[in-house]
Amino acid sequence: MTTAPLDAAEICAGFGAPDDVVNFAHTPGTRIVFGDGSIGRLGELAGGLSEKRRALIVTDAGLLKTGHCERAIASLADAGIEATVFAEVHENPTTDDVGRCVAAAKAGGVDLLIGLGGGSSMDTAKGCNFILTNGGQMRDYWGVGKAHADMLPLIAIPTTAGTGSECQSFALIADPVTHQKMVCGDRRAAARFAILDPSSP
């Protein structure tokens, strides 16, 4: 005697999995670009996202010394995109970091953000995007889906492994006075591209 095989939902249900696990659905929002030297494709990928041809690279002072920024700037220049660098990101970024980043973005007249570095750089770029495009302060976006307007396109280039910030739409930003960390998430904040380049400069 033969029986019909169980489908995945029936197997999960048999283990008592909750409905949101059994009926899991995922809509990918970030395209992953992987490979040695793939940072060299930044200009190509950014070309279709920036009309003003001005981008802000959000990074930290340490990474500025590694050569990664120079490679990113060169690739953007090849595509006719002018890059401004904001290299004042600190570990566990605060609203002060975001405020300085917003000021740099406004001064540069940018329409594209690039988060280059660890989770702190990418979170600062996302936080900047919330304020730059939607106004207000970070506290206004504490939670999920609080943005009311579209954000600038973001390209994430992680230089560390483990945070996964390049593939999700949340920014973790701290209040510099209370040290309380605010988790601010919105699908609009997700990076359009994540460039994963394992090669050294």
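These legends walk you through several close-up views of a predicted model.

**View 1. The largest nonpolar core.** Welcome to the inside of the protein: the largest nonpolar core brings together 29 residues. If you want a few to look for, L56, V58, F86, L113, F130 and M138 have the most contacts inside this core. Several elements contribute, and at least two core residues come from each of β2 (54-58), α6 (95-108), α7 (119-134), β6 (154-158), β7 (170-174) and β8 (181-185).

**View 2. F130 and the residues it touches.** Here we return to F130, one of the residues with the most contacts inside the largest core. Leaving aside residues up to four places away in sequence, F130 touches G135, M138, Y141, A147, M151, C184, G185, D186 and A189. Among these, M138 also belongs to the largest core.

**View 3. R53, a residue with a positive phi.** Follow the loop between α3 (42-47) and β2 and you will come to R53. Although R53 is not a glycine, its phi is positive, at about 65°. R53 is partly exposed, and its relative accessible area is 28%.

**View 4. H179, in the loop between β7 and β8.** Our last stop is H179, which sits in the loop joining β7 and β8. H179 is a residue other than glycine, yet it has a positive phi, near 65°. With a relative accessible area of 60%, H179 counts as exposed.

How values were computed
Residues are numbered from 1 along each chain as its sequence is written. This is a predicted model: local features need pLDDT of at least 70, side-chain atom pairs count only at pLDDT 80 or more; totals for chains, interfaces and linings use all residues. Side-chain values use heavy atoms; hydrogens and water are left out. A nonpolar core is a set of buried Ala, Val, Leu, Ile, Met, Phe, Trp, Tyr and Cys residues joined through side-chain atoms within 4.5 Å. Buried means under 20% relative accessible area, exposed over 50%, partly exposed in between (1.4 Å probe, protein chains only). Helices (H or I, at least four residues) and strands (E, at least two) are DSSP runs, numbered from the N terminus. Contact means heavy atoms within 4.5 Å.
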